[in-house]
Amino acid sequence: MRPRIIELLSQWGLGNLSWLIPSPGAVYSIVVIALALVYLRRAKLIGILPARALEAALAGAVGAGIGSRAFYLVTTGDLFRVSPVAWLDGGRGTASWGAYLGAIGGLWLYGTLVKMPVLPLIDVGASFASLGEGIGRWSCFLAGDDFGRITNSPLGIRFPAGSLAHQAHVARGLLPADSSLSLPVHPLQFYLMANALVVFLLCSIAWYRWRQIPGRTLATFLLLQGSTRFWWEFLRDPAGGGARGLLSTSQWMCITLVCVGLGLLYYTKRRPASPLQAATSPL
């Protein structure tokens, strides 16, 4: 979609603004920087030293990067179809579910290694984790992946020839191969973006209110992310990761998150508030 947007800007005489349309890779870089800055800010509010907070943020970022690619490789079957060298191919996809799981794993491992309470570290990340998806979905839109089902809604958007949506429609015999645009589809990327920003706002409120209760913000994130995103996934095209049977992989993940979130919420309600005893020196 990015080349199409740049082309339209040129047609409208605004070609000099094309530099404002980032590449998918640039969007991911913006996500990493933005999330790291927010982590440092919020970690400071619960007494974590800046050096420790920076290390934790890096651990979460590395975990998210590894997790997002690993989840994609496993769920698509590429983990077994391609060579290990190809696993690192930048052209292969990523998955937000893997990023969430990887970030949690990275923070858990870091906290364990430096002997810090892990749940407060993870709570900080959970308080704004959806902000990453809220920004990162721009990359999905620009790359044309995670597209929605065909729709007659006035909100429907068309992707250019060669896009994943266009290829899927041609493969189904819904369009001639020489058509210039896909059929109109739900702008799922923007639906998910809006949903993620709402979850980010609610989780931020939860963290400021309950940050002295380890695990409560993480439980809130799991419950909100799983319960809200589940319904949007019905609008995802099967060729874009939507359900081909009863439920999609994302919807099964949503159910899993809600179940884990309920268990964690029950756990936190049975434990008293416990302020984080931050480490006094960095590694």
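This is a predicted model: local features need pLDDT of at least 70, side-chain atom pairs count only at pLDDT 80 or more; totals for chains, interfaces and linings use all residues.
Is isoleucine 30 buried, exposed or partly exposed, and what is its relative accessible area? I opened my notebook with that one. Isoleucine 30 turns out to be partly exposed, because its relative accessible area is 45%, and a residue needs over 50% to count as exposed.

**Entry: around isoleucine 30.** I looked up where this residue sits, and found it in helix α2, which covers residues 24–45. Glycine 132 is 102 residues away from isoleucine 30 in sequence, yet their C-alpha atoms are 9.1 Å apart in space.

**Entry: helix α3.** Next I turned to residues 50–76, which make up helix α3. I noted 27 residues and a reach of 39 Å from the first C-alpha to the last, close to the 39 Å expected at 1.5 Å a residue. Just after this helix comes glycine 77, with a positive phi of about 85°.

Inside α3 I also found a charged pair. Arginine 52 and glutamate 55 form a salt bridge, with 3.7 Å between their closest N and O atoms. They are 3 residues apart in the helix, about one turn.

**Entry: salt bridges elsewhere.** How many salt bridges does a search of the whole structure find? I got 8. One of them joins glutamate 133 to arginine 229, where the closest N and O atoms are 3.4 Å apart. This pair links distant parts of the chain: glutamate 133 belongs to helix α7 (residues 129–143) and arginine 229 to helix α10 (residues 216–232), 96 residues apart. I found both of these residues buried.

I then followed glutamate 233, whose side chain meets that of arginine 236 in a salt bridge at 2.6 Å, N to O. Glutamate 233 and arginine 236 are buried as well. Putting these notes together, I see one network, in which salt bridges with shared partners join Glu133, Arg137, Asp146, Arg229, Glu233 and Arg236.

**Entry: a nonpolar patch.** My last stop was the surface. Which residues form a nonpolar patch there? I wrote down Val198, Leu201, Leu202 and Ile205, which together have about 360 Å² of accessible area.

How values were computed
Residues are numbered from 1 along each chain as its sequence is written. Side-chain values use heavy atoms; hydrogens and water are left out. Patches are made of residues with over 30% relative accessible area and no salt bridge: like charges are joined within 9 Å, nonpolar side chains (Val, Leu, Ile, Met, Phe, Trp, Tyr) within 5 Å. Accessible areas come from the Shrake-Rupley method with a 1.4 Å probe; for residues, only the protein chains shown count as cover. A salt bridge is a side-chain nitrogen of Lys or Arg within 4 Å of a carboxyl oxygen of Asp or Glu. Helices (H or I, at least four residues) and strands (E, at least two) are DSSP runs, numbered from the N terminus. The expected span of a helix is 1.5 Å times one less than its number of residues. Buried means under 20% relative accessible area, exposed over 50%, partly exposed in between (1.4 Å probe, protein chains only).
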